[in-house]
Amino acid sequence: RSHEGILIQYKEQHRRTLGYINMITFRHRCFYVALLLFAVVDSGATAFSPKAHLERSALAGADSSTQTTELVVNIQKKRRRRRRRPTSKLHASSTTLGDETEVTISPLEAVPTDMASAISRFFLGTDRGPRYVVAMLAVVAGWRIALGFPQAIAAGVGGASPINSADTTAFLSAVVFWCFQEYFLHEKVLHSQMDWAGKEIHQGHHDLPYFHISIDPAPLMVGWLGVSGLVFKAVLPSLPLALSATLGYATAGLFYEWSHYIVHTRVAPPNTFWKTVKENHMRHHCVDSRYWYSFSFPWMDDWFGTNPPIDEVKKEKMKMAAARRNRNKKSTTRKPLK
């Protein structure tokens, strides 16, 4: 009996070892497949340049004047006594230009006018951030699927467990968290009263013409999502739940990036939802940046009171402009000499 027990124990240990080896092999296969897909997509960016799509859309009747008339004026103002850093590129252009003013003009990239060229520019363009996020999503999804295999569960690898309702809850909770985070970061951080580098960069985004290519840098996107994955791993009780939450968070982040990009193009909204998102963001840029902060879920402005009637906002701005003019007149009038 002792020999039989040892044999059974050895077989069980051997079975677990084989399951662990199969688990590692499958994880590596998922990783290599994700890298291969990323390499194919990344190499396709050079083979299928979005310039061809833009040229075809321009020939089809797009407003080609945007390719030559939309300019960014970068004005670097130098003063001898006091150097004052302009709050934004176009804000500096409204100041008086002295003798020591350097003006450089660079053309803006033409924005897509149809959905095909917009998709090509987003995923195959010069900005590699979206492709990196897609590769990260493939790796995280493959990792979570591998942890749900019976071999991984039997071997007890990394707290392996089958995909269940807890994973769905973690995924959806991360998506909802992104929507709230997106709103409050936009309102409280990017439009804060405190001057800091992020606010200045965001103000530069506002100062550009509304129709322009707007995609966050790849290091920011990858770093943000990577840190969020580590945070989920630290706060959630198991690795599978952390992977599911990271998957939901990164999916919401990619959706936000696409939404912000597509509403800044000349592509017509395909349905009511995208029309609402675009109108909401155009009001934030073109009417009053103190309102309409939401994006992926535009109805959040209704919940937090930042979706006022547009007519009232315009009247309020007219009153503020009139009061500003009156103050300027009073400050410029001189008292008569006695």
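The exercises below, each with a worked solution, concern a predicted model of a protein chain.

Residues are numbered from 1 along each chain as its sequence is written. In this predicted model, local features need pLDDT of at least 70, side-chain atom pairs count only at pLDDT 80 or more, totals for chains, interfaces and linings use all residues, and side-chain values use heavy atoms, with hydrogens and water left out.

**Exercise 1. State what the protein chain holds and where pLDDT stays under 50.**

Step 1. The protein chain has 14 helices and two strands; helices (H or I, at least four residues) and strands (E, at least two) are DSSP runs, numbered from the N terminus.

Step 2. Of its 338 residues, 34% count as buried, where buried means under 20% relative accessible area, exposed over 50%, and partly exposed in between (1.4 Å probe, protein chains only).

Step 3. The mean pLDDT, the predictor's confidence in each residue from 0 to 100, is 78, and 67% of the residues reach 70 or more.

Step 4. Over residues 43-105, pLDDT stays under 50. For this stretch the model has 73 contacts (heavy atoms within 4.5 Å) beyond four places in sequence. Where pLDDT is low, the predicted coordinates should not be read in detail.

**Exercise 2. Determine which residues of helix H10 are buried and what they pack against.**

Step 1. Helix H10 covers residues 218-235, which is 18 residues. From its first C-alpha to its last it reaches 26 Å, close to the expected 26 Å at 1.5 Å a residue; the expected span is 1.5 Å times one less than the number of residues.

Step 2. Ala 218, Met 221, Leu 225, Ser 228, Gly 229 and Phe 232 are the buried residues of H10. They lie on the same side of H10 because they cover an arc of only 115° around the axis, taken from the directions from the helix axis to the C-beta atoms.

Step 3. These buried residues pack against helix H6 (129-146), helix H8 (165-190) and helix H11 (239-263).

Step 4. On the face turned away from the buried side, H10 carries the exposed residues Pro 219, Leu 230, Ala 234 and Val 235.

**Exercise 3. Describe the salt bridges of Arg 290 and the setting of each partner.**

Step 1. A salt bridge is a side-chain nitrogen of Lys or Arg within 4 Å of a carboxyl oxygen of Asp or Glu. The structure holds seven of them.

Step 2. Asp 288 and Arg 290 form a salt bridge, with the closest N and O atoms 2.7 Å apart. Asp 288 is buried at 6% relative accessibility, whereas Arg 290 is partly exposed at 35%.

Step 3. Arg 290 also pairs with Glu 316, the closest N and O atoms being 3.3 Å apart. This pair links distant parts of the chain, 26 residues apart: Arg 290 is in the loop between helix H12 (272-286) and helix H13 (300-303), and Glu 316 is in helix H14 (residues 310-332). Glu 316 is partly exposed, at 30%.
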